[in-house]
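Here are my notes on this one, as numbered points. Have the model open while you read.

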Amino acid sequence: MEILTQLIVSAISSGTPLLLAVLGGILIERSGITQLGAEGLMLMGAVTSCLLFIHTGSLTLAILCVLAVSGLLGLLHGVLSVSLHANQVVCGLAMTIFGTGLSAYLGKPVSGQPLTGAVPKLHLTWLENVPFLGKIFAHMDLFTWFSFVLVLVMHLFIHRTSWGLHLRAVGDNPATADVMGIPVVAIRYGCVIIGSMLIGLGGADLLLVYTPTWNEGMTSGRGWIAVALIIFARWNPTRALVCAYFFGVLDILGFRVQLIGSHIPSYFLKMIPYLVTILVLMYLGWRNRNKPSGAPEALGIPYIREQRF
């Protein structure tokens with residue numbers, strides 16, 4: 001039971017950065033904008049939080065700067081995709097390349113410097129005596145609790161509010177939404193900026209909580225996994241929670257197998273989470289080949305007012 005508890009706690013810690021990135025991606029893609037720049041945004045969020053925390057020692061200032069930098073990158077993506085009607089796939093790939101290169105340059109002076117105790121934990125003493133659950137939830141960090149709350153808030157926002165209905169309308173049929181008086185451009189800009197902030201916050205959580213040391217390319221493809229998990233979760237925030245922690249379990253299992261002295265090469269063990277993600281996506285694609293994918297119908301299609309199709 002103790003081993004199972006430690007595995008779950010580690011999986012939650014590993015999956016939380018992914019969960020934040022997936023939630024940000026869901027918000028962006030629900031508005032009809034394709035987001036393939038998650039890898040670059042996560043790296044920029046990680047290096048920004050590292051630089052600010054090392055030089056100021058203030059977690060609040062570091063998080064605010066992460067949100068500002070990620071929001072500006074999201075605004076740039078919005079200008080290109082929404083206003084200039086550029087190819088959204090190319091914009092996302094450019095964001096990844098830009099974020100990867102700039103983060104590597106900015107992070108050189110602080111590479112390898114440890115950051116310990118950056119994010120405080122919320123100690124729920126009244127929960128400690130609850131069997132099994134107490135050991136898992138009694139001492140979680142603030143980022144993890146924030147991600148739990150965010151899943152609930154996003155689910156209620158998308159499926160239980162009029163603004164969520166407007167968001168889904170913009171993602172499915174922006175022309176009709178525009179005719180009904182829904183501000184298509186404003187909603188898309190807002191979703192891209194806020195979603196980019198969440199993705200950058202996922203990168204900050206990866207550095208400040210899970211791996212408290214900056215290393216070039218430290219996301220190790222998690223941004224691309226987040227893009228895949230958006231499809232895996234079928235653009236649903238509650239399913240995103242399960243998908244992110246499923247990947248977290250696979251990620252931690254690789255380390256556990258190494259600790260027990262397995263002769264399986266470490267490179268193969270690190271490959272398992274990514275391989276399983278690909279296989280699951282292939283299986284779901286085959287099983288749902290004759291069913292609606294759940295994706296917004298206007299995803300990736302630029303909206304030009306009064307354009308005839």
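1. A search of the whole structure turns up one salt bridge (a side-chain nitrogen of Lys or Arg within 4 Å of a carboxyl oxygen of Asp or Glu). The partners are R222 and D251, with their closest N and O atoms 2.9 Å apart. R222 sits in helix 10 and D251 in helix 11 (residues 237-259), so the pair ties together parts 29 residues apart in sequence. Helices here are DSSP runs of H or I, at least four residues, numbered from the N terminus.

2. Are those two partners, R222 and D251, buried or exposed? R222 counts as buried at 7% relative accessibility, and D251 is buried too, at 12%. The cut-offs: buried is under 20% relative accessible area, exposed is over 50%, and partly exposed is in between (1.4 Å probe, protein chains only).

3. Have a look at the loop between helix 9 and helix 10, where T219 lies. T219 is buried, at 0% relative accessible area. Beyond its neighbours within four places in sequence, T219 is in contact (heavy atoms within 4.5 Å) with E39, M42, L43 and L206.

4. S220 belongs to the loop between helix 9 (184-210) and helix 10 (222-232). Its phi is near 50°, a positive value in a non-glycine residue, and S220 is partly exposed at 43%.

5. H85, in the loop between helix 3 (59-83) and helix 4 (88-107), also has a positive phi, near 60°, without being glycine. H85 is partly exposed at 32%.

6. On the basis: this is a predicted model, where local features need pLDDT of at least 70 and side-chain atom pairs count only at pLDDT 80 or more, while totals for chains, interfaces and linings use all residues. Residues are numbered from 1 along each chain as its sequence is written, and side-chain values use heavy atoms, leaving out hydrogens and water.

Methods: Helix = DSSP H or I, 4+ residues; strand = E, 2+ residues; numbered from the N terminus.
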